[in-house]
Amino acid sequence: MDYDKQRLGMYRKIEIARKQLPSFGEADFRGLLQRKFGVTSRKSLTLNQLSRLIDTLAEMGASFTVNGKEKKVRPRPASRPDWIEITDSMPYAREKRQILAIWRKLGYSMTSLDTRVKRAFGTPCFIWLHDYDQIKTLMLDLRRREKAFDKKQAVEQGEQDATAR
């Protein structure tokens, strides 16, 4: 299916859900987008995020029908455990991408990054981290770990070269 057609279908589902939830006004919808995804417009969302938004609206009581029969919307996993998407519109996107690159290089799982951020800063999700000082603290720690990791790799490579001779 074409990417744009998928988006349009999801937009339609979102509009159906919003009509079914009359107490859920425009300000509530924008607040939900801001809390869950860090954006104020559904156009800024990826397909995965749109799908998660539809799941959230279904949990709030919206229902969807296909040919007159109600279709159960099954919740999907929030994201792949080895992937976190950082869009250009997110605060400090460049720094967050650097953190993710170092995190992956060190071999840590992406889900543990959320745990680290929650324990260290009280923010439940890495992508919701918007405080520059906290991002800077995390970056400095990871760069220190990366240097130690590189040094260890160099030592191991030197030992392997010595045994190969």
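Begin by selecting helix 5, whose twelve residues reach 17 Å from the first C-alpha to the last, close to the 16 Å expected at 1.5 Å a residue (the expected span is 1.5 Å times one less than the number of residues; helices are DSSP runs of H or I with at least four residues, numbered from the N terminus). This is a predicted model, in which local features need pLDDT of at least 70 and side-chain atom pairs count only at pLDDT 80 or more, while totals for chains, interfaces and linings use all residues. Residues are numbered from 1 along each chain as its sequence is written, and side-chain values use heavy atoms, with hydrogens and water left out.

Within helix 5, colour Met110, Leu113 and Val117, which are buried (under 20% relative accessible area, whereas exposed means over 50%, with a 1.4 Å probe and protein chains only). They cover an arc of only 35° around the axis, so they lie on the same side of helix 5; the arc is that of the directions from the helix axis to the C-beta atoms. On the other side of helix 5 you will find Lys118 and Arg119, which are exposed.

Next, show helix 4 and helix 6, against which the buried residues of helix 5 pack. Leu113 touches Ile84, Leu100, Trp103, Phe126 and Leu138, leaving aside residues up to four places away in sequence (contact means heavy atoms within 4.5 Å).

Finally, select Asp141 in helix 6, a buried residue with a relative accessible area of 13%. The side chains of Asp141 and Arg116 are joined by a polar contact of 2.7 Å (a pair of N or O atoms within 3.5 Å; within protein, one must be able to donate a hydrogen and the other to accept it, and residues adjacent in sequence count only if both atoms are side-chain atoms).

Technical notes
Helix = DSSP H or I, 4+ residues; strand = E, 2+ residues; numbered from the N terminus.
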